[in-house]
Amino acid sequence: MDTSEHREQRSCPHCAEVIPFAAKICPRCRQWLSFRSFRNPTVFVLCVLFPMTISVVLMGAWFLHQMQKVFSPAPYYSDFQGSIQILDSKMRWVETSEGPRLFVTGLITNRSQMAWKRPEFECRFFNSKKQMVDAATGYTYLTILPENDSAFRLSIKPLLSSNEYDSLKLSLSTAYSVHGL
Ligand SMILES: [Zn+2]
């Protein structure tokens, strides 16, 4: 038997026909024998079609997510006014190393079924004659869960001397939806 001729032939793994060693497709049963070509349907599915399908699905999911943001935006606090209420507030004058500060501390409660974050407060300061002498806005990076209380502290830079600040009126101007952003 001629060994060099024998090495140039092999049997097809699909139909057992003796075929040329270098054949990429079996000449008898037309099965692909090489995985080095994208024309092999198995290689095409694994290396081209499958990754492409995954990309299309991911892009579709991202697109749907964006659409959802457009058509159902995060709720605005203005539509839920009054759901956060201030239970208690106090102010304290403190001389810090960076100058005087008015620390406004208090407690808020969330009466809504939604979680809110970063509440913004409007502070009005009055003197002993009940005249408004200063105003400031303050916010804190807290999250207040549905039907829950949360304590807060605002640090405000006073414009006037400590004897001008007799009382405080605090209101909540806005907050941000946790489910948004
Ligand atoms: Zn074959």
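## M91 and the pairing of β3 with β4

In this predicted model, M91 stands opposite V104 in β4, where a strand is a DSSP run of E with at least two residues, a helix is a run of H or I with at least four, and both are numbered from the N terminus. Strand β3 and strand β4 (residues 99-110) pair in the antiparallel sense over twelve bridges, and two strands are said to pair if DSSP finds at least two bridges between them.

Residues are numbered from 1 along each chain as its sequence is written. Because the model is predicted, local features need pLDDT of at least 70 and side-chain atom pairs count only at pLDDT 80 or more, while totals for chains, interfaces and linings use all residues.

## The three-stranded sheet

The strands β3, β4 and β8 form an open sheet in the order β3-β4-β8, with antiparallel pairing. At its edges stand β3 (84-96) and β8 (148-156), each of which has a single partner strand, so one side of each is left without a neighbour in the sheet. Neighbouring strands of this sheet are turned by 15° against each other on average, with direction ignored; the axes behind this angle are lines fitted to C-alpha atoms, for helices over the stretch in contact, and angles run from 0 to 180 degrees between N-to-C directions.

The pairing of β4 with β8 is antiparallel and rests on nine bridges, and in β8 the bridge partner of F103 is S155. In the loop between β7 (143-144) and β8 lies E147, which has a positive phi of about 55° although it is not a glycine.

## The hairpin of β5 and β6

Strand β5 (residues 116-126) and strand β6 (residues 132-139) run antiparallel and are joined by seven bridges. Within this pair, F125 stands opposite D134 in β6. The two strands form a hairpin with five residues between them, and K130 in the turn has a positive phi of about 65°.

## The nonpolar core and Y165

The largest nonpolar core has 14 residues, of which M91, L102, V104, W116, L154, I156 and Y165 touch the most other members. A nonpolar core is here a set of buried Ala, Val, Leu, Ile, Met, Phe, Trp, Tyr and Cys residues joined through C-beta atoms within 7 Å. A residue is buried if 20 or more other C-beta atoms lie within 10 Å of its own, exposed if 12 or fewer do, and partly exposed in between, with C-beta atoms placed from the backbone. The elements that give two or more residues to this core are β4, β5 and β8.

Leaving aside neighbours within four places in sequence, Y165 is in contact with M91, W93, L102, F125 and P158, a contact meaning that the C-beta atoms of two residues, placed from the backbone, lie within 7 Å.

R118 has its place in strand β5 and shows a positive phi of about 50° although it is not a glycine. Y176 has its place in strand β9 (residues 167-177). Y176 and R118 are 58 residues apart in sequence, yet 6.1 Å apart in space from C-alpha to C-alpha.

E147 counts as exposed, because it has 10 C-beta neighbours inside 10 Å.

## The chain as a whole

The protein chain has two helices and nine strands, and from the N terminus on its elements run α-β-β-α-β-β-β-β-β-β-β. The radius of gyration of the protein chain is 36 Å, well over the 16 Å that the globule rule gives for 181 residues, so the chain is more spread out than a compact globule; the radius is taken over C-alpha atoms, and the rule is 2.2 Å times the number of residues to the power 0.38. Along its principal axes the C-alpha trace spans about 120 × 40 × 25 Å.

The domain assignment, which is automatic or taken from a database, gives domain 1 (3-71) and domain 2 (77-177). The centres of domain 1 and domain 2, taken over C-alpha atoms, are separated by 66 Å. Of the 181 residues of the protein chain, 9% count as buried, and among contacts with a separation of 6 or more, 53% are accounted for by residues 24 or more positions apart.
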